[in-house]
Structure formats: C-alpha cells, structure tokens
Amino acid sequence: MNRTHFEKELEELHYDVLKMGSLVEEAIANSIASLVNHDTELAQKVIDDDDRIDKIEVEIDNKCAKIIVTQQPIARDLRIVLTGLKIVTDLERMADHAVDIAKTTLRIAHQNYIKPLIDIPRMAEIVREMVKMSLDSYVRQDLELARAIGEKDDIVDALYKQIFRELLTYMMEDPRNIDQATQFLFVARYLERIADHATNICEWVIYLDTGEHIDLN
C-alpha cells in the first residue's frame, strides 16, 4: 500500500463527508424554517437541493469502494473507510427526513395553524445540535463528545412524547384539527428519526476508534 496516496484519499473522504454533513444541516434548518414561516419557496428549495446531497453520497460510496479495492486496507484503516460509508448513509436519511418536513410545509402552509409552533422548533434546535455534535465528534475523533449525545437523544424523545400528547388533545377537542395535527406529528417523528441517525453516527465514531459497537440510545 502506498501510504502517502492512501492518506490523501482518506483526507478527501473526510472532506466529502463534512461537505455532505454541512448540506444536511442546512436542509434540516431550512425545512423547519419553511414550516414555521409558511414558506413554500424555501420548502421547495429543500426538496430541489436533495439531489445534490444524493449525488455526493454516490460519489463517496464510489470513492470508498475504490479505496477498498485498490488499497485493501486492514484494521483501523479499514474501519475508517467503513465508518465513512456508514456515516453518509445516516446523513442521506437525515436529508430525506428534511425533505419530508418540507413536503409537509407544502401541504399545510396555506392553512392557519391550529396552535403556535413552539415545541417543534425547540425540538428541531436540539436535533440540529445533535447533528453538529455527531459531525464534530467525527472531525475531532472525540469519544467523550460522541458518548454525550445520548443525553440529548433522551431530551428529544421526551419532547416527542410531549408533542404527541398535546396534539392528541387538540384532535380530541375538535375533529377538524385531526388532519393538521397529524401532519405536525409526522414532523416531530421525522425530527426524532434525525436524532436517531445523529446518534448512529456517534456510535460509528466510537467503533472507528475502538472496533466495538456500542448502543448509545
């Protein structure tokens, strides 16, 4: 194995993962902003920009495959490549959920909301913090930061339950609220899933360093 060439390929892989992560963070932020502000133009931008994220994922997959075939890495070197593959899969699914939220905006933006959106943006902010934590832990190989994400995930889970109970009350009080309340429930669920994917990334960061799979949920 040409070590210098291999390390250059790993640096490129690292950069590509971070570039994809930055786009995913932006997609999440824009999807929630579109919902809060009834902004269909911004929602459509999230949907349109997803093709760029998908393209980067394919490019990273191809680079990883090439590294494995041509360099035949072993031990930690192999874990670096495999971790990159796993992380981009989680990032792509986060982006898909951001698109789901944007599509929800398109469905209900023309309506008056049944309640002020307070807990969903709050939940989204914590989820965005988790995504940043997961990427920072990857960049810095910070195992302590990676392990700390479990506490944030617990907060997100608690908020989801709170939002579920509140929206269920709205549905019971007036059947006309059911359709919109259901849409908001979907949004909360999408955010919860994004948080789970951020947690997955932290688990892969720990695997990269230790070779062990740890459940942080």
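Which residue's side chain meets that of R189 in a salt bridge? The partner is E192, with 2.2 Å from N to O; a salt bridge here is a side-chain nitrogen of Lys or Arg within 4 Å of a carboxyl oxygen of Asp or Glu. Before going on, please keep in mind that this is a predicted model, in which local features need pLDDT of at least 70 and side-chain atom pairs count only at pLDDT 80 or more, while totals for chains, interfaces and linings use all residues. Residues are numbered from 1 along each chain as its sequence is written, and side-chain values use heavy atoms, leaving out hydrogens and water.

Back to our pair: R189 and E192 both lie in helix 7, three residues apart, about one turn of the helix. Helices are DSSP runs (H or I, at least four residues), numbered from the N terminus. R189 is partly exposed at 38% relative accessibility, whereas E192 is buried at 9%. For these words, buried means under 20% relative accessible area, exposed over 50%, and partly exposed in between, with a 1.4 Å probe and protein chains only.

By the same rule, the count comes to 14 salt bridges. One of them joins K45 to E26, with the closest N and O atoms 3.8 Å apart. K45 lies in helix 2 (residues 40-71) and E26 in helix 1 (residues 3-36), so this pair ties together parts that are 19 residues apart in sequence. Both ends are partly exposed, K45 at 37% and E26 at 38%. Another salt bridge links D174 with R176 at 2.9 Å between the closest N and O atoms; D174 is buried at 18%, while R176 is exposed at 72%.

Now let us turn to how helices pack. Two packed helices are described by the angle between their axes and the distance between the axes. The axes of helix 6 (residues 149-173) and helix 7 (residues 178-210) come within 10 Å and cross at roughly 170°. That crossing makes helix 6 roughly antiparallel to helix 7, a label for angles over 145 degrees. Their contact has 15 nonpolar, two polar and five charged residues.

The C-alpha atoms of V156 and I126 are separated by 7.1 Å, although the two are 30 residues apart along the chain. L168 is also found in helix 6, but L168 is partly exposed at 36%. Together with F164 and M172, L168 makes a nonpolar surface patch of about 310 Å².

Methods:
Axes fitted to C-alpha atoms, helices over the stretch in contact; angles between N-to-C directions. Helix = DSSP H or I, 4+ residues; strand = E, 2+ residues; numbered from the N terminus. Parallel < 35°, antiparallel > 145°, perpendicular 65-115°, else oblique. Nonpolar A, V, L, I, M, F, W, Y, C, P; charged D, E, K, R; others polar. Patch = residues over 30% accessible without salt bridge, like charges linked within 9 Å, V, L, I, M, F, W, Y side chains within 5 Å. Areas by Shrake-Rupley, 256 points an atom, 1.4 Å probe, with all protein chains shown as cover.
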